[in-house]
Amino acid sequence: MTDQIDDTSFTDEALIILLQQGDNRVFDEIYKRYGQKLFRYFFKMLWQDKERAEDFTQDLFLKLIKNKAIFDKDRNFNTWIFSIAHNMCKNEYRKQEVRLKFNKMKEDVHTINAHNPDLERFTLALHECTDALPPQKKELYFLRIVENYTIPQIAVIMDVPEGTVKSRIFNLLKEMREHLKQFEGLLSYP
Amino acid sequence: MNVDEIIKYKEWVDLSADEKQQIQELAATETEFSLVKRIMLQSAIREESIPNISQKVQDHLKEQLFEKKPFKMKMGWLAAAAVAAIMIALFFIMNNSPEKSNPIVKTNEQKAVEQVKAPDQGMVEPVMKDTIMVKPSAQEKVTVKLKEKNSDNNKIDTVKINTQKYDRYISATVESDSSLLTFITKVY
């Protein structure tokens with residue numbers, strides 16, 4: 001009943017078309033490609049709440065399963081699914097006006113490592129800096145700097161012009177540089 | 001190349017004058033350049049604090065995908081079959097009701113009941129008080145004018161003419177059909 005499809009050479013769009021045509025075996029491959037990726041996005045965007053991120057990931061895939069025709073074949077699946085995730089987060093932010101959850105999660109695993117204390121302190125400060133970003137900048141940081149999405153892709157996901165994306169990236173980096181200015185000269189690269 | 005790509009993929013010494021001009025506001029010196037580059041590269045390293053998604057999510061989704069739909073379809077068919085069975089049963093029950101098998105009722109029971117005139121309505125002449133008029137159809141109306149004691153002869157003639165004209169539609173009197181009398185008694 002649930003034989004997994006072997007061919008991983010299908011594009012995302014081809015897989016979705018097969019799913020739309022009733023070939024449920026391709027679901028595993030789609031989930032393999034996007035399950036963890038979307039979970040990471042939701043985890044980062046939604047206050048590092050694992051259960052909430054899992055619920056959102058599940059809801060997004062359920063939308064795809066229950067309404068297979070929702071995907072327009074002419075669109076890029078990668079940007080399309082992240083634009084849905086983007087809207088889900090926006091709605092969640094509207095619901096949750098108080099966002100204090102992330103403040104207490106920093107006391108756990110980040111201890112100073114004796115091997116490279118400067119780098120560890122820098123990594124800790126970087127996480128604190130990005131977690132404290134407002135939602136729009138946090139999303140831009142995740143998509144562009146962490147996940148390496150292209151400017152046109154981000155423009156589609158966030159539904160803004162490419163020029164706006166470029167200027168926002170510029171401002172984001174400038175802001176982060178100011179925030180982490182204390183590490184200037186301390187870190188030798190690489 | 002966009003500014004972030006220049007910083008990410010190039011070294012300070014490799015930058016052209018034009019590229020340096022492009023990133024001027026973001027990284028004017030080599031130390032600023034190094035810091036922004038470090039921010040970008042360190043960010044790209046997978047954060048260990050991000051856990052893996054639970055297996056139960058995939059299990060639940062597969063359950064929805066492979067099992068729930070056939071169950072829903074099966075339930076739909078069962079519901080449709082049940083409704084059809086109930087409708088057929090109702091049809092047979094209605095057709096086999098006791099009134100349908102009663103020979104008295106077989107002939108136009110409803111119309112007969114409608115046409116019975118109560119004596120106190122002043123519409124029935126003593127001579128014809130036991131007569132039951134049955135309408136032939138909706139279009140053809142039976143006009144029966146009843147004679148009052150002091151009414152003129154024209155009215156009597158009209159009744160006679162109408163009675164003759166529609167004689168074939170008028171059913172027998174109650175006296176001539178005892179079963180009809182029983183039925184009327186039952187109705188009242």
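Tutor: Start with a definition: an angle from 65 to 115 degrees counts as roughly perpendicular. Keep in mind that this is a predicted model.

Student: Why are helix 7 of chain A and helix 8 of chain A called roughly perpendicular to each other?

Tutor: Helix 7 and helix 8 (residues 162-179) of chain A pack at an angle of about 105°. The range for roughly perpendicular is 65 to 115 degrees, so that angle qualifies. The two helices of chain A are therefore roughly perpendicular. Their axes lie 8 Å apart.

Student: Which residues in helix 7 of chain A meet helix 8 of chain A?

Tutor: Helix 7 of chain A brings Ile151(A), Pro152(A), Ile154(A), Ala155(A) and Met158(A). They meet Glu162(A), Val165(A) and Lys166(A) in helix 8 of chain A. By class, the contact has 6 nonpolar and 2 charged residues, with no polar ones.

Student: Why is Arg168(A) called partly exposed?

Tutor: Arg168(A) has 18 other C-beta atoms within 10 Å. Buried needs 20 or more, and exposed needs 12 or fewer. The count for Arg168(A) falls in between, so the residue is partly exposed. Arg168(A) lies in helix 8 of chain A. Its C-alpha is 7.8 Å from that of Lys137(A), 31 residues apart in sequence.

Student: Why does Gln48(A) count as buried?

Tutor: Gln48(A) has 20 other C-beta atoms within 10 Å. Gln48(A) sits in the loop between helix 2 (27-45) and helix 3 (50-66) of chain A.

Student: What is the phi of Gln48(A)?

Tutor: Gln48(A) has a positive phi of about 55°, although it is not a glycine. Most residues other than glycine have a negative phi.

Student: Is Asn148(A) buried or exposed, and how do you know?

Tutor: Asn148(A) has 12 other C-beta atoms within 10 Å. Exposed means 12 or fewer, so Asn148(A) is exposed. Its phi is also positive, near 60°, and it is a residue other than glycine. Asn148(A) is in the loop between helix 6 (135-146) and helix 7 (151-158) of chain A.

Student: What makes the buried residues of helix 1 of chain A line one face of the helix?

Tutor: The residues in question include Leu15(A), Ile16(A) and Leu19(A), which are buried in helix 1 (residues 12-20) of chain A. Seen down the axis of helix 1 of chain A, the buried residues fall within an arc of 100°, so they line one face. Their cover includes helix 2 and helix 4 (77-95) of chain A. Just after helix 1 of chain A, Gly22(A) takes a positive phi of about 105°.

Student: Where in chain A does pLDDT stay under 50?

Tutor: Residues 101-114 of chain A have pLDDT under 50. The model has 13 contacts beyond four places in sequence for that stretch. Where pLDDT is low, the predicted coordinates should not be read in detail. The mean pLDDT of chain A is 82, and 84% of its residues reach 70 or more.

Student: How many helices and strands does the secondary structure of chain A come to?

Tutor: Chain A has 8 helices and 0 strands. Of its 190 residues, 31% count as buried. In chain A, residues 24 or more positions apart account for 55% of the contacts with a separation of 6 or more.

Student: How many helices and strands are there in chain B?

Tutor: Chain B has 8 helices and 0 strands. Of its 188 residues, 10% count as buried. Among contacts in chain B between residues at least 6 apart in sequence, 35% join residues at least 24 apart.

How values were computed. Residues are numbered from 1 along each chain as its sequence is written. Chains are lettered from A and ligands numbered from 1 in the order in which they are written. This is a predicted model: local features need pLDDT of at least 70, side-chain atom pairs count only at pLDDT 80 or more; totals for chains, interfaces and linings use all residues. Helices (H or I, at least four residues) and strands (E, at least two) are DSSP runs, numbered from the N terminus. Two residues are in contact if their C-beta atoms, placed from the backbone, lie within 7 Å. pLDDT is the predictor's confidence in each residue, from 0 to 100. The arc is that of the directions from the helix axis to the C-beta atoms. Axes are lines fitted to C-alpha atoms, for helices over the stretch in contact, and angles run from 0 to 180 degrees between N-to-C directions. Angles under 35 degrees count as roughly parallel, over 145 as roughly antiparallel, 65 to 115 as roughly perpendicular and the rest as oblique. Ala, Val, Leu, Ile, Met, Phe, Trp, Tyr, Cys and Pro count as nonpolar, Asp, Glu, Lys and Arg as charged, and the others, Gly among them, as polar.
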